Amino acid sequence: MSYWRSIIPTTLALIAFAGNSILCRIALKQTAIDPASFTTIRLLSGAAILWLLIRARSRVRLEDGNWLSATALFAYAAAFSFAYVSLTAATGALILFGAVQITMIGHGIRTGERLRWGQASGVALAFAGLIGLLLPGLSAPPLHGALLMIGAGLAWGIYSLRGRGVSDPIGVNAGNFLRTVPMALVVSACTLPGHILDQSGVGYAIASGALCSGVGYAIWYTALPMLKASTAATVQLSVPVIAAFAGILFLNEPISWRLALASAAVLGGIALVLLQRRSVAVTAENTDNPGQ
């Protein structure tokens with residue numbers, strides 16, 4: 001029963017994650033808003049909606065969150081926005097997702113997690129996919145934007161790792177979002193001559209921050225307790241696919257053979273790691289409980 005109850009919130013959260021890519025790309029491509037302003041408005045909106053959510057449950061604590069996690073969150077949001085000046089929605093989502101998962105897998109290896117041959121092959125395949133996507137050529141994404149999105153993925157991976165196991169994820173996210181506001185304002189002040197605001201761009205930024213980030217994260221953390229860790233990681237493989245289809249539908253973005261092959265390599269490699277990890281966990285559980 002818990003599996004079926006988790007489907008709707010999980011699906012909504014994944015759509016929200018992909019929605020961040022679509023809204024950012026639409027705003028920067030079809031409106032006059034600049035990436036620094038988009039980042040500031042997105043973070044302000046996310047902080048506001050999360051603050052309202054924790055006030056609604058009569059639990060407001062300014063001490064939730066910390067500055068190191070907030071810095072990682074801000075680095076992700078800023079690099080994400082500036083990267084989407086030149087990347088398509090699908091390419092950006094693939095690079096972001098690949099970098100996030102490789103960061104988290106790499107952390108596991110660094111802390112002593114041993115990979116079986118299948119998992120090692122999956123990591124190598126995912127790396128090969130990203131490298132193949134970035135190799136010079138007519139269909140290669142702009143290197144500057146790709147490097148920014150890799151940085152965004154590294155920062156989001158760090159933020160995710162630091163947030164594992166917190167007792168009040170929505171409260172901690174709210175505290176971290178609030179701490180990003182002064183950082184965003186500093187960047188906005190430094191880039192003031194290039195600021196351009198219009199009604200549509202501001203609207204997209206608010207939707208990205210309040211709905212896809214604030215509400216999206218709240219829904220995701222509601223669904224997480226009903227999902228196994230391996231399942232939660234695996235379902236996120238759908239985010240670049242959702243972003244790709246939305247990019248075709250709303251932005252008329254083409255899907256090149258290079259992107260299609262790189263997507264298959266990156267997502268297939270990460271799926272191989274996650275499925276092997278799940279298989280190892282099931283085997284260990286059966287060994288520990290042979291009578292069940």
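The following legends describe close-up views of a predicted model.

Local features are given for pLDDT of at least 70 and side-chain atom pairs only for pLDDT 80 or more, whereas totals for chains, interfaces and linings use all residues. Residues are numbered from 1 along each chain as its sequence is written, and side-chain values use heavy atoms, with hydrogens and water left out.

**View 1. The largest nonpolar core comprises 63 residues.** A nonpolar core is a set of buried Ala, Val, Leu, Ile, Met, Phe, Trp, Tyr and Cys residues joined through side-chain atoms within 4.5 Å. Buried denotes under 20% relative accessible area, exposed over 50%, and partly exposed the range in between (1.4 Å probe, protein chains only). Tyr76, Phe80, Tyr84 and Met149 have the most contacts inside this core. Helix α3 (residues 67-83) supplies its largest share, ten residues; helices (H or I, at least four residues) and strands (E, at least two) are DSSP runs numbered from the N terminus. A second, separate core has five residues, including Ile26, Ala89, Ala246 and Leu251.

**View 2. The surroundings of Tyr84.** Contact means heavy atoms within 4.5 Å. Residues up to four places away in sequence being set aside, Tyr84 touches Ser21, Cys24, Arg25, Leu28, Ala89, Gly92, Ala93 and Met149.

**View 3. Thr39 in helix α2 (residues 35-56).** Thr39 is buried, its relative accessible area being 3%. A polar atom of the Thr39 side chain lies 2.9 Å from the backbone oxygen of Pro35. Beyond its neighbours within four places in sequence, Thr39 is in contact with Phe74, Ala77, Ala78 and Ser81.

View 4. On a 1 Å grid over the protein atoms alone, a cavity is a set of points where a 1.4 Å probe fits but cannot get out, and lining residues have an atom within 4 Å of a point. The search of the whole structure finds one cavity of 30 Å³ or more. Its lining consists of Thr88, Ala90, Ala244, Gly247, Ile248, Glu253, Pro254, Ile255 and Leu259. Helix α10 (residues 238-251) contributes the largest share of this lining, three residues. By class, the lining has six nonpolar, two polar and one charged residues.

**View 5. Ala140 in the loop between α5 (117-134) and α6 (143-162).** Ala140 and Arg258 are 118 residues apart in sequence, and their C-alpha atoms are 7.7 Å apart in space. Apart from residues up to four places away in sequence, Ala140 touches Leu133, Leu135 and Arg258.

Key. On a 1 Å grid over the protein atoms alone, a cavity is a set of points where a 1.4 Å probe fits but cannot get out, and a pocket is an open set with protein on both sides within 12 Å along at least five of seven lines; lining residues have an atom within 4 Å of a point. Grid points are joined across faces, edges and corners, and a volume is the space filled by probe spheres set on the points. Ala, Val, Leu, Ile, Met, Phe, Trp, Tyr, Cys and Pro count as nonpolar, Asp, Glu, Lys and Arg as charged, and the others, Gly among them, as polar. A polar contact is a pair of N or O atoms within 3.5 Å; within protein, one must be able to donate a hydrogen and the other to accept it, and residues adjacent in sequence count only if both atoms are side-chain atoms.
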